[in-house]
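Load the model in your viewer and keep the selection panel open.

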Amino acid sequence: RPAPSWLADAVLYQIYPQSFADANGDGIGDFAGIAAHLDHLAWLGVDTVWINPCFASPMRDAGYDVSDYLTVAPRYGTDDDLADLVERARRHGIRVLLDLVAGHTAVEHPWFRAAADDPSDHRYVWADADPLPSGFVASPGTRPGGYLPNYFDFQPALNFGYARPDPAEPWRQPVDAEGPRANRRALRAIMDHWLTRGISGFRVDMASSLVKDDPGKKETARLWTELRGWLDEAHPDAVLLSEWGDPAVSVPAGFHGDFFLQFGGATDGGPLRSLWNTGTGTDRDEWDPVPCYFGAAGKGSFAGFAAAYAEATEAIGEPGHIALPTSNHDFSRLACAPRDAAQLPAAYAFQLTWPTLPAIHYGDEIGMRYVPGLPDVEGSVLTPRYNRAGSRTPMQWDDGPGAGFSTAPPERFYLPLDPDPARPSVAAQRRDPGSLLHTVRELIRLRRTTPDLGSGSPVRVHNDGYPLVYSRGEHHLVVVNPSDRTATAPLPDPAHARATRLIGEGVTVGPDGISAGPFGYAVLRH
Ligand code: TEU
Ligand code: CA
């Protein structure tokens with residue numbers, strides 16, 4: 001079954017619900033807060049939102065530790081509030097995707113509490129062995145042995161079996177054993193529950209992690225193919241996007257898009273960074289120990305990025321199945337320091353004209369920065385150098401003391417606001433037609449009204465040094481210079497000399513070729 005056609009010009013927006021908007025003044029974002037800001041999203045032009053996990057949870061990993069998949073977390077509202085949000089979003093032309101944490105639960109989940117006391121339970125990967133196999137964590141219950149965690153220790157892996165079962169190691173169960181079968185049924189029931197309530201699909205957390213010791217992820221792919229087969233009957237329009245990292249495997253298994261290009265940047269600065277600047281990051285250490293986004297001179301390897309993209313696209317057989325996020329709740333944002341602001345329009349010009357599914361992490365549309373030095377909140381610490389909380393701070397709606405995020409006193413916010421007195425805001429940028437927010441909006445509008453620029457139409461790269469030069473479809477040429485120096489390239493075709501600029505800054509195109517000033521960009525029609 002092909003991807004739904006609306007995905008070709010979809011622009012995804014990621015909402016970290018804790019931090020988007022707080023409607024009831026308790027210092028934590030909620031569903032009613034999101035509903036109150038749908039106008040902003042519709043004005044910006046996004047048509048799909050993905051909400052990070054919003055289910056019942058002890059919140060030791062921001063909700064990626066689910067204790068009940070069928071009830072929302074009370075801090076965000078009620079099940080009815082979510083239903084109301086989904087309906088209001090629909091009226092704004094916006095689809096809602098939820099986050100499916102398929103591979104693990106919280107230790108507080110009733111399934112795990114039962115398993116920790118019951119040696120006949122097979123919902124989790126449990127070794128009744130002494131000593132425990134490596135990687136296992138000691139039982140918190142009366143049952144001997146211990147369990148396999150999937151991410152943090154308090155996130156026990158659900159048992160979907162091992163690709164290479166071994167009776168001598170009984171926790172290595174076959175994928176068709178009773179526990180894995182029960183868990184696959186549970187996944188169907190969870191998906192069915194929320195799809196029946198009007199959501200459009202899921203972003204699947206750690207989708208590749210389900211079957212253990214699975215070389216090539218063949219058994220994990222088989223599992224998702226089976227689930228997709230069920231969805232095709234029960235909810236044929238449901239969209240599944242994977243956090244997997246290998247679209248050549250995840251897309252044939254039934255995912256419509258894979259967050260492939262979020263990897264490779266992790267703690268050194270995030271998704272687009274690996275494209276923009278593959279340097280070690282030492283160029284910013286003089287001002288800030290936190291990994292950041294761009295290198296001053298544009299040291300990145302676009303050629304490497306383009307090659308990885310081409311290889312993945314060839315394996316899938318068509319473009320449009322790779323998601324390219326600006327950043328997310330795990331990685332540093334596009335901006336870390338004031339000097340990054342000058343580079344953001346060009347980054348967006350690239351993201352919104354490349355044949356990937358663009359995803360905007362809330363706040364990136366105004367250039368909210370990665371905030372260094374925050375406390376560990378809800379499992380956000382990863383390394384001493386990098387704290388995930390820095391990309392999860394409250395959304396900056398206006399220039400008031402609480403940034404329009406909440407009416408609670410800022411000291412009661414669940415995470416501190418960016419303390420920078422010059423922090424950007426939606427209100428200020430809406431008043432300024434030259435702002436990043438207006439540029440992003442215009443680029444989104446262009447993408448969504450120009451089939452050549454959508455994710456379904458292929459790309460032809462003409463120059464993979466600086467400036468990047470590529471064609472989209474028959475009639476569109478894109479020039480992007482990630483560097484702070486003027487860069488030139490030959491014209492791919494003499495006809496381009498007469499091209500019309502649809503949007504851009506700092507790029508000239510003429511009979512002598514293309515010249516792009518520092519961080520210049522242009523989308524041209526010829
Ligand atoms: O992240 C899984 C994942 O791939 C991480 O290893 C990621 O690369 C890391 O956070 C880099 O900073 C997902 C969620 O996005 C994350 O927030 C959760 O903590 C994790 O799963 C466990 O559910
Ligand atoms: Ca609230």
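Are helix 5 and helix 6 parallel or oblique to each other? To find out, select residues 178-196 for helix 5 and residues 218-234 for helix 6. This is a predicted model, and in it the two helices pack at an angle of about 40°, with their axes 11 Å apart. Angles under 35 degrees count as roughly parallel, and helix 5 and helix 6 are therefore oblique to each other. Their crossing is right-handed.

Now show the side chains at this crossing. From helix 5, pick Arg184, Leu187, Arg188 and Asp192. They meet Leu223, Leu227, Trp230 and Ala234 of helix 6. Colour the contact by residue class: 5 residues are nonpolar, 3 are charged and none is polar.

Next, zoom out to the whole chain. A cartoon view shows 13 helices and 19 strands. The radius of gyration is 23 Å, close to the 24 Å that the globule rule gives for 526 residues, so the chain is as compact as a globular protein of that length. Along the principal axes, the C-alpha trace spans about 75 × 50 × 50 Å.

Colour by domain next. Domain 1 takes two segments, 5-101 and 259-448. Domain 2 covers 104-157, and domain 3 covers 459-525. Where domain 1 and domain 2 touch, the contact takes 9 residues from domain 1 and 8 residues from domain 2. On the domain 1 side of this contact there are 3 nonpolar, 3 polar and 3 charged residues.

For the last stop, select residues 344-351, which are helix 11, and residues 436-449, which are helix 13. How far apart are the axes of helix 11 and helix 13, and at what angle do the helices pack? The axes lie 10 Å apart and the angle is about 15°. That makes helix 11 roughly parallel to helix 13. The crossing of helix 11 and helix 13 is right-handed.

Which residues meet here, between helix 11 and helix 13? Helix 11 brings Leu344, Pro345, Tyr348 and Ala349. Helix 13 brings Leu436, Thr439, Val440 and Leu443. By class, this contact of helix 11 with helix 13 has 7 nonpolar residues, 1 polar residue and no charged ones.

The contact of helix 5 with helix 6 includes 3 charged residues, whereas that of helix 11 with helix 13 has none.

Key. Residues numbered from 1 in each chain as written. Chains lettered and ligands numbered in written order. Predicted model: local features only at pLDDT ≥ 70, side-chain atom pairs only at ≥ 80, totals over all residues. Axes fitted to C-alpha atoms, helices over the stretch in contact; angles between N-to-C directions. Helix = DSSP H or I, 4+ residues; strand = E, 2+ residues; numbered from the N terminus. Parallel < 35°, antiparallel > 145°, perpendicular 65-115°, else oblique. Left-handed = near helix turned anticlockwise from the far one by under 90°. Contact = placed C-beta atoms within 7 Å. Nonpolar A, V, L, I, M, F, W, Y, C, P; charged D, E, K, R; others polar. Domains from an automatic or database assignment. Rg over C-alpha atoms; globule rule 2.2 N^0.38 Å.
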